[in-house]
Amino acid sequence: VKGAGDSDGEIKLEFATLDISFSEGLNYRGGVILSPLGLFNLIHDSPLNDLSNRPLVNREIIPTTLSEAGMGLWGTFYPSEEALLKYELYLVNGFNEKAGDRIRSGRGSHKKDNNEEKSLVGRFSYSPFLGLDLGTSFHHGAYDDAGDKNLTILALDGSYNTGPFDVKAEYASASVGEVDNDSRAGYYVQLGYHFLPGAIEQFPNSIFTASLRYDHIDLGGSDETRYTFGLNFRPEEETVMKLDYEIYDQRESSNGIIFSVASYF
């Protein structure tokens with residue numbers, strides 16, 4: 001649900017699909033798809049994340065939240081007793097003309113495509129053992145009204161969890177056809193430490209988390225770096241209170257403290 005100014009708000013649909021399963025390794029999906037472009041886009045919900053703001057790369061290179069009308073296949077395989085291999089591959093409407101100026105502004109309509117060409121988006125992930133996940137993903141297709149100019153986004157991601165520690169990282173680059181300074185890229189690395197589980201008697205499932213994230217983006221003519229320090233408290237796994245401090249290397253006026261609360265309902 002989103003509202004701005006005097007508006008009462010509107011409900012935006014991120015994911016609504018029809019799935020038909022032939023086997024664990026072969027499933028059909030059609031509808032409004034949460035695009036598997038990078039890991040963060042798939043787990044962008046505020047209650048799932050330890051910091052309030054999304055990484056810079058997931059705002060300017062991968063325009064999270066990115067959901068698109070389309071259809072395709074997905075599945076899971078088990079190469080060994082511990083290993084897990086997943087894939088998602090979809091034909092989607094893709095981006096529109098505005099992506100030439102700013103990728104985030106070029107997210108396409110769920111209703112119809114602005115050209116006759118379709119885009120292809122997919123992600124392949126491999127987990128050799130519990131706790132480690134490695135992924136690669138892409139998005140490619142025409143974005144202009146004539147269907148002559150292509151936008152290509154490539155991404156790599158990884159996450160690792162061991163005991164109270166976890167590490168997450170993601171890199172993405174974009175090439176916007178026939179646009180000056182068309183090469184854009186960014187990445188983030190985030191460290192987390194979970195501590196004092198059940199320390200508060202009233203909340204036996206509670207836990208605290210300290211986080212540190214480094215963000216950097218290069219938009220072809222400008223770049224930006226951000227450091228985020230965070231401390232949060234979860235009385236339950238799906239409810240979180242977050243306190244963050246952000247430091248920008250170029251926009252000093254944006255430095256500041258952020259407090260947020262998130263939960264599912």
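By a simple rule, the count comes to 10 salt bridges. Here a salt bridge is a side-chain nitrogen of Lys or Arg within 4 Å of a carboxyl oxygen of Asp or Glu. Side chains of opposite charge can pair when their charged atoms come close.

This is a predicted model: local features need pLDDT of at least 70, side-chain atom pairs count only at pLDDT 80 or more, and totals for chains, interfaces and linings use all residues. Residues are numbered from 1 along each chain as its sequence is written, and side-chain values use heavy atoms, without hydrogens or water.

**Salt bridges**

R234 lies in strand β11 and D50 in the loop between β2 (26-34) and α1, so the pair ties together parts that are 184 residues apart in sequence. Helices (H or I, at least four residues) and strands (E, at least two) are DSSP runs, numbered from the N terminus. R234 is buried at 4% relative accessibility, and D50 is buried at 7%. Buried means under 20% relative accessible area, exposed means over 50%, and partly exposed lies in between (1.4 Å probe, protein chains only).

E246 is buried, with a relative accessible area of 4%. R226 is buried at 2%. Salt bridges that share partners join R213, D215, R226 and E246 into one network.

**Leucines**

L231 sits in strand β11 (residues 223-236). L231 is partly exposed, at 42%. Leaving aside neighbours within four places in sequence, its contacts (heavy atoms within 4.5 Å) include F195, T209 and M241.

L196 is found in the loop between β9 (183-195) and β10 (207-218). L196 has a positive phi of about 55 degrees, although it is not a glycine. L196 is partly exposed, with a relative accessible area of 47%.

**Loops**

The peptide bond from T64 to T65 is cis, with omega near 5 degrees. T65 is in the loop between α1 (57-60) and β3 (67-77).

D113 is in the loop between β4 (84-92) and β5 (119-127). D113 is buried, at 16%. D148 is in the loop between β6 (132-142) and β7 (150-162). D148 counts as exposed, at 59% relative accessibility.
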